[in-house]
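Keep the model open and follow along.

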Amino acid sequence: MSSLDAGFYFIEDENVPMHVGSVLVFDGPVPSYGDVIRLFLARMDQVPRYRQKVKALPFHVGRPVWVDDDHFNVLYHVRHTAVPSPGGEDQLRNLAGRIFAQKLDDSKPLWEAWLVEGLEGGRWAVISKVHHCMIDGVSGSDMLQLMLDFQKESVLPEPAEWKPAPQPSTFDLVVDGVRDAVVTPVQHLAALPAFARNLRSLSEIADFGKSVLSSLPGTAKRLTTRSATSLNGPIGPHRRWVWARANLAEIKQIRTAAGGTVNDVILTAITRGFRDLLDKRGELTDGMVVRTMVPVSMRKADQHNELNNRVSAVLVNLPVGEADPARRLASIREQMDDLKSSRQAAGADVITNLSNFAAPTLMALGSRTAMRFPQQVLQTVTTNVPGPRIPLYMLGRPLVEMFPYVPIASTMRVTVGIFSYLDRFTFGINADFDGVPDVQLLADGIRAGFDELVALAADV
């Protein structure tokens, strides 16, 4: 595992299941469970990691390693269930929330898929879970190829015979782990980070340093602005998971009238959601912000088939204390432009890669400690995963919608994931069950945020 992947593995506990997930809704007719099993087996050879499990080393003398599961059984990972027919959106969301709250069995390959029958209109769904240590949001989109096709008619290959590779002995793994703990930091000292290798001169390095340093005052201001600390707190084992929707046409209308990027508009609508939530709680004040971490893909074009994490992040203040939606959009647009010009995402990647210098035992301790240490800096995570603009199919049935699930951890009680598909955007809002019982206010507020921005655009 890379250091980032290992970090995601180490921070998991009974209250912090560290998997990402999705709910995919299809038009009928519902396929048989056997057909779904055959589909997975036919595509499994493309993703060897799906038959591998994690093996941690004693005392974490080395990073965990992936080994073939010699007892792999696809029937354990692909499951079959139903909601009482005709099941509506509430029933599907409640089922997904319970499934997402359950920790994956780390003695087996870290993924599950649930075939769900009984939805109204003859529809059906697939609920999927994959541990964050083996996949990030961008490579997760690529993984949908495991079961989705760009054409309605497709021919499945016959599953190839698979035999697990012999597992290395614990002694060999410990020896390799000790060697890794000593050799890897030296190797990283000898190699510049990926972005630095692309800098062709000392002047470029100097310019990079200046751009980061010049952004420090703005960063300091963002970190010291009063935030909505009531969104932070301890989390339990249960989850509330809700969703919201938007469409590309309305976002384009807003951009044409008010400027900014698609992400700027989306973050502004999310700001309205948090504003409504805090207002209903009686906690909203002028100038208040909700500070969000926005993951940024550092994956190159030729790296989209790699099963690991290549993400960095930037911090953005959502101006929930601002009553004017136009000013909220302007504030977010100004922050995002500043973050792009300062190249802070690349700087964050450097900080992430520094964990490669840590002995694995210290990294395990550090990851767990960091996620448990009470902090009020971040209130949420907002991650946007772009999807295809053309229809997708599973076993000849069209994919109608897909909703994302992003885990919560540490003292962050709520996260927002965004998927785009065709001309639609869907928002999956994950929250601690006890800490955010009013999470539906956030989902409704996001939709209200788009409505007010569309009305604003119409008046321009």
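The protein chain holds 15 helices and 14 strands; helices (H or I, at least four residues) and strands (E, at least two) are DSSP runs, numbered from the N terminus. This is a predicted model, in which local features need pLDDT of at least 70 and side-chain atom pairs count only at pLDDT 80 or more, while totals for chains, interfaces and linings use all residues. Residues are numbered from 1 along each chain as its sequence is written, and side-chain values use heavy atoms, with hydrogens and water left out.

Of the 460 residues in the protein chain, 51% are buried. Here buried means under 20% relative accessible area, exposed over 50%, and partly exposed in between (1.4 Å probe, protein chains only). Take the contacts (heavy atoms within 4.5 Å) between residues at least 6 apart in sequence: 81% of them join residues at least 24 apart.

**Around helix H10**

Two packed helices are described by the angle between their axes and the distance between the axes. Axes here are lines fitted to C-alpha atoms, for helices over the stretch in contact, and angles run from 0 to 180 degrees between N-to-C directions. Here are the two pairings of H10 (residues 248–258):

| Pair | Axes come within | Crossing angle |
|---|---|---|
| H10 and H15 (residues 439–459) | 9 Å | roughly 45 degrees |
| H10 and H11 (residues 262–280) | 10 Å | roughly 105 degrees |

H10 is therefore roughly perpendicular to H11. On the H10 side of that pairing sit Ile251, Ile254 and Arg255, which meet Val262, Val265 and Ile266 in H11. By class, the contact of H10 with H11 has five nonpolar, no polar and one charged residues. For the classes, Ala, Val, Leu, Ile, Met, Phe, Trp, Tyr, Cys and Pro count as nonpolar, Asp, Glu, Lys and Arg as charged, and the others, Gly among them, as polar.

With H15, H10 is oblique. On this scale, angles under 35 degrees count as roughly parallel, over 145 as roughly antiparallel, 65 to 115 as roughly perpendicular and the rest as oblique. Glu250, Ile251, Gln253, Ile254 and Ala257 in H10 meet Arg447, Phe450, Leu453, Val454, Ala457 and Ala458 in H15. That contact of H10 with H15 has eight nonpolar, one polar and two charged residues.

**Arg389 and Leu422**

Arg389 is in the loop between strand E10 (380–385) and strand E11 (393–394), and it counts as exposed at 55% relative accessibility. What does Arg389 contact beyond its neighbours within four places in sequence? The partners are Leu248 and Leu422. The side chain of Arg389 reaches the backbone oxygen of Leu422 at 2.9 Å. Tyr421 is 32 residues from Arg389 in sequence, yet their C-alpha atoms are 5.7 Å apart.

Leu422 itself lies in the loop between strand E13 (414–421) and strand E14 (424–432), and counts as buried at 19% relative accessibility.

Most residues other than glycine have a negative phi, and most peptide bonds are trans. Leu422 has a positive phi, near 55 degrees. Leu395 also has a positive phi, about 50 degrees; this residue is in the loop between E11 and strand E12 (397–405) and counts as partly exposed at 21% relative accessibility.

Now for the cis peptide bonds. One joins Gly28 and Pro29, with omega about 5 degrees, and Pro29 sits in the loop between strand E1 (19–26) and helix H2 (33–43). Another runs from Ser85 to Pro86, with omega near -5 degrees, and Pro86 is in strand E4 (residues 78–87).

Methods: A polar contact is a pair of N or O atoms within 3.5 Å; within protein, one must be able to donate a hydrogen and the other to accept it, and residues adjacent in sequence count only if both atoms are side-chain atoms.
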